[in-house]
Amino acid sequence: MEDRFAFLAEWYDPTAALLRRYQLFYYPKDGSVEMFDVKNQRIFLRRTKYDKIHQEDLFVGNRVNVFSRQLNLIEYGDQFTANKLGSKKERTLALIKPDVVTKIGDILELIYSSNLIVTKAKMTNLTSSQAGDLYMEHQTKPFFTNLVQFVSSGPVVAMELMGDEAMSIWRRLLGPADPAVARREAPQSVRAQFGTDGIKNVGHGSDSLAAAARELEFFFPSTIGYGPSNTAIYTDCTCCIIKPHAISEGLTGKILNSISAAGFEISALQMFNVDRANAEEFYEVYKGVVTEYPSMVTELCSGPCMVLEIHGTDTPKTFREFCGPADPEIARHLRPTTLRALYSKDKVKNAVHCTDLPEDGVLEVQYFFKILDG
Ligand code: CDP
Ligand code: MG
């Protein structure tokens, strides 16, 4: 019999303001999909070839786009699927400490090259009480005060990493807690490359699945609005969105490195899953003006994107120049070192959005970090 993967999927229908549930089937042999409406007990989409879904996208917790519908995969539909696709997938917390936040691009490169994906990310400033809660297992240790003081001394970036054995892979990437030991025993590790001492040692990784669950809930709580706040400052700033296609192509680290190398300051960073209604609202000013508007909306809600607040004098203008012309063909001819020239595929999948008009910089940053971050 032919292999068939089954999922329970949810789709928010904005017209009816309803959450609809489907069984989603995927047939790896010919890459076809089929959908069954759970409530109305009838076929919703007959088995159809659909080349935009790949087996590696299919795991619980992920979102997939099926004919412009963004489906949340909320459960495995049968034991066969759970065994085959769900067995070793883990989520873990990776925390980048204040000493290396500017090295985030390099660290993401290592994460992606280890076959892990970043499913959530947020730059935040922890208070000392929050840092103390995070490290409560070390409360009685002699280094506790220094550790808490350091972790709350500047911005950190918390990330949810996902993949096969994510927890141990990230801890192996980090290396031994003491960078001096790391340089001797694991010279390729992140702590060997970027660490300073036992406290300024690049990052943190959950050390058990229970710790991962607790630490992920700490940074990315299921109740919206309860987590540590973002670091946006809303002055002298512009908005940059690393688009979903670039995230899924694993270009996030390279793009962040290019931005830092060009001397721009990233004052806030967060991943968002934008739904269609919000994508339409964000791009409203382009509606009826830019022919690509509908495709821009579809691209922005096709998967997670990463939003940055870029801070500095005149940034809307200088950062926009650094992004380059919206059309990558033109960018590659005229401005070959710009982000679009380097990382675009076409006029819509053009790596990044950046604020067009200087007066919109603050507004666009507010849209994400004030309104959508809730
Ligand atoms: O971070 P990791 O899980 O590898 O090590 P840990 O034993 O859980 O300790 C947590 C953090 O405390 C480390 O990352 C160090 O920054 C700090 N620490 C320290 O400063 N001195 C030690 N002897 C042990 C840990
Ligand atoms: Mg630990």
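A residue counts as near a molecule or strand if one of its heavy atoms lies within 4 Å of it.

**View 1. What surrounds ligand 1?** In this predicted model, the residues around ligand 1 are Lys97, His138, Phe143, Leu147, Arg171, Ala177, Arg191, Gly198, Ile199 and Asn201. Lys97 puts a polar side-chain atom 3.0 Å from an oxygen atom of ligand 1; His138 has one 3.0 Å from a ligand oxygen too, and Arg191 also has one at 3.0 Å from a ligand oxygen. (A polar contact is a pair of N or O atoms within 3.5 Å.) On its own, ligand 1 has 500 Å² of accessible area, and the protein covers 72% of that (areas by Shrake-Rupley with a 1.4 Å probe).

**View 2. The largest nonpolar core.** This one has 47 residues, and those with the most contacts inside it are Ile111, Met159, Ile255, Ile259, Leu308 and Phe319. Domain 2 (89-219) and domain 3 (237-372) both contribute residues, so the core lies between them. A nonpolar core here is a set of buried Ala, Val, Leu, Ile, Met, Phe, Trp, Tyr and Cys residues joined through side-chain atoms within 4.5 Å, with buried meaning under 20% relative accessible area (1.4 Å probe, protein chains only). A second, separate core has 23 residues, including Ala232, Cys239, Ala268 and Val365.

**View 3. Around Ile111.** Leaving out residues up to four places away in sequence, Ile111 touches Leu116, Val118, Met159, Leu161, Trp170 and Leu173. Contact means heavy atoms within 4.5 Å.

**View 4. Where domain 1 meets domain 3.** The protein splits into domain 1 (5-85), domain 2 (89-219) and domain 3 (237-372), with bounds from an automatic or database domain assignment. The C-alpha centres of domains 1 and 3 lie 29 Å apart, and four residues of domain 1 are in contact with six of domain 3. About 460 Å² is buried between these two domains, with carbon and sulfur atoms giving 39%; that is the accessible area (1.4 Å probe) both parts lose on being put together, summed over both. On the domain 1 side, Arg63, Ser68 and Gln70 lose the most area to domain 3, together 70% of what that side buries.

**Notes.** Residues are numbered from 1 along each chain as its sequence is written, while chains are lettered from A and ligands numbered from 1 in the order in which they are written. Local features need pLDDT of at least 70 and side-chain atom pairs count only at pLDDT 80 or more, whereas totals for chains, interfaces and linings use all residues; side-chain values use heavy atoms, with hydrogens and water left out.

Key. Buried means under 20% relative accessible area, exposed over 50%, partly exposed in between (1.4 Å probe, protein chains only). A polar contact is a pair of N or O atoms within 3.5 Å; within protein, one must be able to donate a hydrogen and the other to accept it, and residues adjacent in sequence count only if both atoms are side-chain atoms.
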